[in-house]
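Please keep the sequence and the coordinates in view while reading.

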Amino acid sequence: MNDIHAKTLVLDTHIDIRWPETPDWTQETRQLVDLPKMRQGQMSAAIFIAYVPQGRRDATGHAQAAARAEAMLRHIQARAAAPGTRFCATPDALEACFAAGDTAVLSAVENGYAMGHDLTRIAAWRELGAVYLTLTHDGHNEISDSARPKANLGDAPAEHGGLSAFGETAIAEMNRQGLMVDVSHVAKSGMLRAAAISRTPFVATHTACVALCPHPRGLDDEQLDALRACGGVAQITAVPAFLKAAPPNGASQADVADLVDHIDYAVRRIGLDHVGISSDFDGGGAVAGWANAAQCEAITLELIKRGYGAREIGLLWSGNFIRVWRQVLRFSA
Ligand SMILES: [Zn+2]
């Protein structure tokens, strides 16, 4: 294995899990991420996602969503019962885990729909170890407009025109509780409003650059600039449709070089300190050459080929994300 890769804390900030029938992650599975594949590819740390699909925005829908998020967070935490793994809910724990040679398990919630109107969920999720909350998924919710409204759920193109008043209160509470704000999936209007009001830097945990590939899930230059202005990080992700336009009548095909093109672009636009890496494995991510957790070294090798050194690669793989996380926790303390 390449020496730089072997010495780098390789953190993947967005990985889905199968739910509710989850295979034993300590064995080889058909999932793109399991413990044997992580060890093979030296993925040091994985943020597994308690993903809540958008449903009806009523009391029953919100209660079911909250229950699912909490059950998934408990499941993810329990994954770290496996020998040689640790559940990490702070940057110090993550760095100690890496130093000890153990594999780090982290969690986050995707879709603020799961809180309905209940701000107390934020402290509860943080208590369960969640690192961040992705404010929306596909479809508007009580917090914000989504980058991809769901017409089948009755969404208009825009609902709040950005964040709702509740959404602004929710971000203030997340800042207070030390739960990072993730603006992936959020409409541009909501993302820019979050940049204006968040008291801490925030992240886009799985995104790409619209300048290279027009897609509603990517960040355009104005958004990248806003992310830098607030001190945040754009985690470039391995979803082919975000990276490379599909050929006529075909599906997007992307490879490691395409993904690193987006990293290069973001680094040139907003600086090395504001860019990171994620896979979205088991949630639609996977590119040729980085098709599962066993192949993480391919990203490092491509970065080396393009002139990045050990320090830069460390910042991209985890250093920048950890810096933002520390700032968020310091603010909340
Ligand atoms: Zn997502």
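A residue is termed buried if 20 or more other C-beta atoms lie within 10 Å of its own, exposed if 12 or fewer do, and partly exposed in between, with C-beta atoms placed from the backbone. Buried residues make up 56% of the 333 residues in the protein chain. The model is a predicted one, in which local features need pLDDT of at least 70 and side-chain atom pairs count only at pLDDT 80 or more, while totals for chains, interfaces and linings use all residues. Numbering starts from 1 along each chain as its sequence is written.

The protein chain contains 12 helices and nine strands; these are DSSP runs numbered from the N terminus, helices being H or I of at least four residues and strands E of at least two. Its radius of gyration is 18 Å, close to the 20 Å that the globule rule gives for 333 residues, so the chain is as compact as a globular protein of that length. The radius is taken over C-alpha atoms, and the rule is 2.2 Å times the number of residues to the power 0.38. Along the principal axes, the C-alpha atoms fill a box of roughly 50 × 45 × 40 Å.

Helix α6 comprises 13 residues (165-177); at 1.5 Å a residue it should span 18 Å, and its end C-alpha atoms are 19 Å apart, which agrees. The expected span is 1.5 Å times one less than the number of residues. Among the buried residues of α6 are Gly-167, Ile-171 and Met-174, and the elements covering its buried residues include α5, β5, β6, α7 and α12. Just after α6, Gly-178 adopts a positive phi of about 80°.

Lys-244 lies in the loop between α9 (240-243) and α10 (256-270). Lys-244 is buried, because 20 other C-beta atoms lie within 10 Å. Two residues are in contact if their C-beta atoms, placed from the backbone, lie within 7 Å. Leaving aside neighbours within four places in sequence, the contacts of Lys-244 are Cys-213, Ser-252, Gln-253, Ala-254 and Asp-258.

A nonpolar core is a set of buried Ala, Val, Leu, Ile, Met, Phe, Trp, Tyr and Cys residues joined through C-beta atoms within 7 Å. The largest one has 106 residues, and those with the most contacts inside it are Ala-46, Leu-133, Met-180, Val-181 and Leu-259. Its largest share, 10 residues, comes from α12. Beyond four places in sequence, Val-181 touches residues including Leu-133, Ile-171 and Met-174.
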